[in-house]
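Subject: Structure handover and notes

Hello,

Please find the structure below.

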Amino acid sequence: YRILWREKVTSTNDEIRILAGQGMSEGLVLIGEEQTAGRGRRGAAWFSPKGENLAFSVLLRPRAPKHLWSRFSLATGLAVAEGLERFLPMAAIKWPNDVLIDDRKIAGILVEAGADFVIIGIGINVNPEKFPDELLATSLKKECDREISRAEVLLEVLKRLAKYSGRIESDFEELLDGVRQRCALTGKQVKFLQGGNHRSGRVKGIGSSGELLVELNGSIEGIIQADEVRVC
Ligand code: BTN
């Protein structure tokens, strides 16, 4: 990895995309001390208070075929969950890639693809202490009762991202096992919006391509993509 640190960025995902377009090679990591336009999935904003959070993006130029790139979401979720487990007992992964501690979100991931590159955006609540209640969020500091070094968290996550981002094609089963062990949705009744339709069913687990297996009207369907999946 080569690490670029910037005091202020709009969004690390947006700024690393520009660098990708200029031909920067795989393994570039862009950290934003402050993001003025941090983005979450589905167009939501992502707030990262200056100096307290980790907000960074990693540039990959995958050799794996494009139809497998959606697996980077799971690979990243697992890398973050395991990285956080250096500080905490167990992190859960809410498919495809929210990382939760006791049902509260501690990290968000935004994977975006370009023509020949992938941007992995990761936001981790490291040291903030206050969140609006309705956000259902938490931070490492809140969970561990002490200030945590952002550099250490970054290192633990990047180590594992290097490992798992290389496993979306071969050894994907091992990656899946790690995700399945931490799956926050298995066994839960969920509802979600898919192609404009409201659907609800019970989650059976995660299938061999990383899809969410949901029992819908008596048969099991593999959900590859859906808007926010909510537990009901
Ligand atoms: C989500 O949970 O909806 C995803 C949040 C992703 C936030 C990170 S912070 C670093 C990177 N830059 C962005 O603008 N977003 C991601």
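K191 has R230 in β12 as its bridge partner. Helices (H or I, at least four residues) and strands (E, at least two) are DSSP runs, numbered from the N terminus. Two strands count as paired if DSSP finds at least two bridges between them.

The model is a predicted one: local features need pLDDT of at least 70, side-chain atom pairs count only at pLDDT 80 or more, and totals for chains, interfaces and linings use all residues. Residue numbers start from 1 along each chain as its sequence is written.

The five-strand sheet

The pair β8 and β12 belongs to an open sheet of 5 strands, in the order β11-β10-β9-β8-β12, with antiparallel pairing. β11 and β12 (230-231) are at the edges with a single partner strand each, so one side of each has no neighbour in the sheet.

Strand β8 (residues 189-194) runs antiparallel to strand β9 (residues 197-206), and 6 bridges join them. V190 has G201 in β9 as its bridge partner, and F192 stands opposite R199 in β9. The hairpin of β8 and β9 has 2 residues between the strands, and G195 takes a positive phi near 50° there.

Strand β10 (residues 212-216) and strand β11 (residues 219-223) are also antiparallel, joined by 5 bridges. E215 is bridged to I220 in β11. These two strands form a hairpin with 2 residues between them, and N217 in the turn has a positive phi of about 50°.

The seven-strand sheet

Another open sheet has 7 strands in the order β1-β2-β3-β7-β6-β5-β4, with mixed pairing. Its edge strands are β1 (2-9) and β4 (92-94), each of which pairs on one side only. On average, neighbouring strands of this sheet are turned by 20° against each other, direction ignored. β6 and β7 run antiparallel and are joined by 7 bridges; V111 stands opposite I120 in β7.

Helix α4 (residues 150-165) packs on the sheet, where it touches β2 (28-35), β3 and β7, and its direction makes about 25° with that of β3. Axes are lines fitted to C-alpha atoms, for helices over the stretch in contact, and angles run from 0 to 180 degrees between N-to-C directions. Two residues are in contact if their C-beta atoms, placed from the backbone, lie within 7 Å.

Helix packing

Two packed helices are described by the angle between their axes and the distance between the axes.

The axes of α2 and α4 cross at roughly 145° and come within 8 Å. Their crossing is right-handed (left-handed means that the near helix is turned anticlockwise from the far one by less than a right angle, right-handed that it is turned clockwise). Among the residues that meet are F72, A75, L78 and A79 in α2 and V153, V157, L161 and Y164 in α4. The contact of α2 with α4 has 9 nonpolar, 3 polar and 3 charged residues. In these classes, Ala, Val, Leu, Ile, Met, Phe, Trp, Tyr, Cys and Pro are nonpolar, Asp, Glu, Lys and Arg are charged, and the others, Gly among them, are polar.

Helix α2 (residues 71-84) also packs with helix α5 (residues 172-181), at an angle of about 55° and with the axes 10 Å apart. α2 and α5 are therefore oblique to each other; angles under 35 degrees count as roughly parallel, over 145 as roughly antiparallel, 65 to 115 as roughly perpendicular and the rest as oblique. The crossing of α2 and α5 is left-handed. R71, L74, A75, G77, L78 and E82 in α2 meet F172, L175, G178 and V179 in α5. That contact divides into 6 nonpolar, 2 polar and 2 charged residues.

The ligand

There are 20 residues around the ligand, and S11, G40, G108, G121 and G123 come nearest. The elements that give two or more residues to this shell are α1 (12-21), β3 (54-60), β6 (104-113) and β7 (118-124). A residue is near a molecule or strand if its C-beta atom, placed from the backbone, lies within 6 Å of it. By class, the shell has 7 nonpolar, 10 polar and 3 charged residues.

Backbone details

The peptide bond from W95 to P96 is cis, with omega near 0°, and P96 lies in the loop between β4 and β5 (98-101). R42, in the loop between β2 and β3, has a positive phi of about 50° although it is not a glycine.

Regards
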